[in-house]
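Subject: The model, with some notes on it

Hi,

Here is the structure I promised to pass on. Please have a look at it first, and then read my notes below.

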Amino acid sequence: MCNCTCNYFCNMCQQNWWHHTKLSHLLLFHLQYTDKEEVVLWMNTVGPYHNRQETYKYFSLPFCVGTKKTISHYHETLGEALQGVELEFSGLDIKFKEEVMQTTYCEIELDKAKREAFVYAIKNHYWYQMYIDDLPIWGIVGEADENGEDYYLWTYKKLEIGYNGNRIVDVNLTSEGKVKLVPNTRIAMSYSVKWKRSDVKFEDRFDKYLDPSFFQHRIHWFSIFNSFMMVIFLVGLVSMILMRTLRKDYARYSKEEEMDDMDRDLGDEYGWKQVHGDVFRPSSHPLIFSSLIGSGCQIFSVSLIVIIVAMIEDLYTERGSMLSTAIFVYAATSPVNGYFGGSLYAKQGGRRWIKQMFIGAFLIPAMVCGTAFFINFIAIYYHASRAIPFGTMVAVCCICFFVILPLNLVGTILGRNLSGQPNFPCRVNAVPRPIPEKKWFMEPAVIVCLGGILPFGSIFIEMYFIFTSFWAYKIYYVYGFMMLVLVILCIVTVCVTIVCTYFLLNAEDYRWQWTSFLSAASTAVYVYMYSFYYYFFKTKMYGLFQTSFYFGYMAVFSTALGIMCGAVGYMGTSAFVRKIYTNVKID
């Protein structure tokens, strides 16, 4: 006997059901049932336990269907189609509060091909997922004996459904009836339903799927405390060093102002003041640079808003709400992208603003969609449920062209007109100043490589919890922790980039725009390197589909994180640079 939900799969197979959307119009508002009203059991997907995203239609295995008339299900939202939900009616006759004794609902004619399909599934530890009233249920297909010579199929689904008033609040599945797989035999599939009164409140019915002992472990609290202490240390260090150093710089520059021209020429002039005529020179490749800054500001806005909404609304209790909210918020915040990208491009003297707007609008969608469509070809080859339908691809393209692009245009126009004037505190020289030689560790390439270490150190513990919730079987619900980590990441990133930029300018190298962006964005490189460690040492994934899915979407996640960190680092550094050059006298 295998109690798949209570004792086994609740701890091991906690599929992140919140990534899926509403089932159908029957289950849209969490039904309140009347006695003997029909309760629908939906069969979702089946797949290997170790490959979290490799899922197939439940009836891709040669299971038989119950005798009850089929109920059609359609993809009601974009999120459902994107996440590969393949809900099919089980054919089982279940009515509210009406118990069903063990009943055979169909028989499998087990020929050689069907036996081989079941054997392959059992060898690869296939498990399946079902839904009753939006509540997920998990079961395993079968098991092998100790020698791995004989294979057995679980044939009896024993359902125990808890109700509170006229609502379903709990569902448990126990798999029994172990039958040996022998070719050319008939296997009877059966089920039973037992109803029990429960004291669980309807709003608390998802609590059993959470794992507080994992997410609220002492290590999690310690990592937050450790990161917080790092922030205090960094802010204090930056404040002390820069304030003392800048005060000395201002005093030295004021003393130089009192010298006559002869003494000034003979003096030892050095430091960041010497590049005042070049520090606000437009960056190289301003079109790409401004598009990256605009996209990073938008990603930061989306992250902040989605986390706040998740904290307030408990999005993890609704399938699809996290994905749907992220898509909606990303489209709605497109003016943020246009405003910051367009205004920065205008300040740097860019004239091809329409091209910049298009690149800024489609930079992130093209990256995400390009990766998704590439993985989609592999999913189609595998006949996996993750294959995205053509209609969904068209819908995504329509969102990009008819929602994101117009809103980005509005933001670009506002940005160019409201804050597109280059009101720099220093004039830009007509001829660029030669960059003197400096020590190897002051080179921009070295600063970029080292700049991401501290920001990564402040978030890598949280990365483990986020990876585990997405790639394994945990439901992430501690969005308060995520908000703290986001704030800590931004503060650490700004502090590090300010220090890096100060040292760079002090070496009379005015190429600070790209350096500040890339030194912050290099956090993504360390995150992606950590994903390799997680894949090989924390998971048991295998196969082309799961591997490409993992590293493809980890590349998208890391790149988006890098663009966000780069934009945050640049914005903080830009304010710092403007401030120090405003407070110094320039001839």
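Predicted model: local features only at pLDDT ≥ 70, side-chain atom pairs only at ≥ 80, totals over all residues.

Residues are numbered from 1 along each chain as its sequence is written, and side-chain values use heavy atoms, with hydrogens and water left out.

Buried here means under 20% relative accessible area, exposed over 50%, and partly exposed in between (1.4 Å probe, protein chains only).

**Helix α17.** This helix spans residues 544-582 and holds Q546 (helices are DSSP runs of H or I, at least four residues, and strands are runs of E, at least two, numbered from the N terminus). Q546 is buried, at 0% relative accessibility. A polar atom of the Q546 side chain lies 3.1 Å from the backbone nitrogen of Q53.

F551 in helix α17 pairs with F532 in helix α16, 19 residues apart. Their rings are tilted, 4.7 Å centre to centre with 40 degrees between the planes. (Rings of Phe, Tyr and Trp, its six-membered ring, pair if their centres lie within 6.5 Å; planes under 30 degrees apart count as stacked, over 60 as edge-to-face and the rest as tilted.) F551 is buried at 14%, whereas F532 is partly exposed at 35%.

**Salt bridges.** There are 15 in the whole structure, each a side-chain nitrogen of Lys or Arg within 4 Å of a carboxyl oxygen of Asp or Glu. One of them joins K180 and D150, with the closest N and O atoms 3.5 Å apart. K180 lies in strand β10 and D150 in the loop between β8 and β9, so the pair ties together parts that are 30 residues apart in sequence. D509 and R511 form another, at 2.7 Å; D509 is buried at 0%, and R511 is partly exposed at 40%. Salt bridges that share partners also join E107, E109 and R186 into one network.

Best wishes

Technical notes: Polar contact = N/O pair within 3.5 Å; in protein donor to acceptor, adjacent residues only side chain to side chain.
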